[in-house]
Amino acid sequence: MPVTCDVLINNVQLASMQDNGKPYGLIPNASVAIAHGNIVGIFAATDCPAIAKNTVDGNGAWLLPGFIDCHTHLVFGGSRANEFEQRLLGQSYAEIAQQGGGIRATVAATRQASAETLLHSALARAKRLCVEGVTTIEVKSGYGLDLATEIKMLKVAKQLEDHLELNIITTYLGAHALPAEYAGRGDDYIDFICEEVIPHIAKHKLADAVDVFCEKIGFSLAQCRKVFSAAAAHGLRVKAHVEQLSDLQGAKLAAEFQALSVDHIEYLAAHDVGCLKAADCVAVLLPGAFYYLNESQKPPIAALRQHNIPMAVATDLNPGSSPISSILTAMNMACVLFQLSPEEALRGATCHAAKALNLHKHTGKIAQGYAADLCLWDITHPVDLVYGINQYRPRCVWQGGRMRQAV
Ligand code: NIG
Ligand code: FE
């Protein structure tokens, strides 16, 4: 009985990222049938019952899920190249932040920029991710801090979907830095976030989750707890920048609130990793920030493996700690700097990144019923993708079953 579908991709090696006991979820010599934007069947290429109007011969190339960059700050105004220079001359990231630079410098530039200017620069960054086969990008706010600019950022982020074929997930990161107008009044700013911004964001569905920066130069545990409680009260899931520069025990707090993910975690103690398991929380590794800040403390990878915590890998694309618009480079860095295996890195930018965004039931794998967000690569093995830097581009990309136009 033939199966009719919209698109049939024949003769491909699948790095499906399924948990089928094979490295990369390998399914050799396969055909993938797509209908209504979803994968409706995976068959042996030699015995495929599917017929389609649109058939693509993969010629034995590798088909992978589209990449998911699950942690970016890619909407922002201005540049912080000057701080790169300052850090090379000996100042630390925290010192620059304490002097009013860092995140607050970008806040000033982002408040000044029009929505059009922000969209224009964000589009250029998102395009660079897309050309490498990224099909879903999470974008955080957090460079506006006041209500109007946070809304401007979140709307600009979502507008990227009108200009590029990709999925955007938005996160409200009000507790990123203390804005100048609240200097010395951190708790008042937190009250503003909880009482005014989160209710507005929830009501108008402007963000899919709420994030915080739990750090000495960010917000305290008690302040982050308030933000998480307000998010939960409004039905929003949480995630958190924790243990990036010091160990404030932010991961434990995030786990208490069933956070989708804890991100950075260089200073997370190995003996505290267990809390993530019970919370079903993803550890998001951001090797770009580790690299740019010339950090030497590595995340507790062995303990994460031991507790079987899913590890995601993302670019953290932002103007300060990680000006990297390349998911392939982030994966390479996760291997070289954190000793992830290539399979861990590739799962980190597909199925585990999907879990960090709560999308794992329908994206991030090549499996029946999943969204047909797919990339076809002319490589000899998936390791090729993380081995070199700037070596490969996908032959073609499908976004929700539609073949993407050249970006
Ligand atoms: O993920 N740690 C806080 N937030 C960003 C950096 C933002 C910035 O420096 O502009 C990060 O590293
Ligand atoms: Fe970040």
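Is Asp378 buried, partly exposed or exposed? Partly exposed, because its relative accessibility is 46%. Keep in mind that this is a predicted model.

Stay with Asp378 for a moment. Its side chain meets that of Arg395 in a salt bridge, 2.8 Å from N to O. Arg395 sits in the loop between helix H15 (383–387) and strand E15 (396–399), and Asp378 in the loop between E14 and H15, so the pair ties together parts 17 residues apart in sequence. Arg395 is partly exposed too, because its relative accessible area is 35%.

On to the other salt bridges. The count is 19. Take Arg305 and Glu344. Their closest N and O atoms are 2.7 Å apart. This pair links distant parts of the chain: Arg305 belongs to helix H11 (residues 301–306), Glu344 to helix H13 (residues 342–348), and 39 residues separate them. Arg305 comes out at 40% relative accessibility, so Arg305 counts as partly exposed.

Now a buried pair. Lys140 forms a salt bridge with Glu138, with 2.8 Å between the closest N and O atoms. Lys140 has 1% relative accessibility, so it counts as buried. Glu138 is buried as well, because its relative accessible area is 0%. The cut-off for buried is under 20%.

There is also a network. Salt bridges link Asp19, Glu343, Arg347 and Lys365.

Next, helix packing. Two packed helices are described by the angle between their axes and the distance between the axes. Here I take H4, residues 115–130, and H5, residues 147–163. Their axes come within 9 Å and cross at roughly 50°. That angle makes H4 oblique to H5. The crossing is right-handed.

Which residues of H4 and H5 meet? From H4, we have Ala115, Leu118, Leu119, Ala122, Leu123 and Ala126. From H5, we have Lys152, Val156, Gln159, Leu160 and His163. By class, the contact holds 8 nonpolar, 2 polar and 1 charged residues.

Last stop, His360. Where is His360 found? In the loop between helix H14 (351–356) and strand E14 (374–377). His360 has 23% relative accessibility, so it counts as partly exposed. Leaving out residues up to four places away in sequence, His360 touches Cys351, Ala354, Lys355 and Tyr370.

Note on methods: Residues are numbered from 1 along each chain as its sequence is written. Chains are lettered from A and ligands numbered from 1 in the order in which they are written. This is a predicted model: local features need pLDDT of at least 70, side-chain atom pairs count only at pLDDT 80 or more; totals for chains, interfaces and linings use all residues. Side-chain values use heavy atoms; hydrogens and water are left out. Helices (H or I, at least four residues) and strands (E, at least two) are DSSP runs, numbered from the N terminus. Buried means under 20% relative accessible area, exposed over 50%, partly exposed in between (1.4 Å probe, protein chains only). Contact means heavy atoms within 4.5 Å. Axes are lines fitted to C-alpha atoms, for helices over the stretch in contact, and angles run from 0 to 180 degrees between N-to-C directions. Angles under 35 degrees count as roughly parallel, over 145 as roughly antiparallel, 65 to 115 as roughly perpendicular and the rest as oblique. A crossing is left-handed if the near helix is turned anticlockwise from the far one by less than a right angle, and right-handed if clockwise. Ala, Val, Leu, Ile, Met, Phe, Trp, Tyr, Cys and Pro count as nonpolar, Asp, Glu, Lys and Arg as charged, and the others, Gly among them, as polar. A salt bridge is a side-chain nitrogen of Lys or Arg within 4 Å of a carboxyl oxygen of Asp or Glu.
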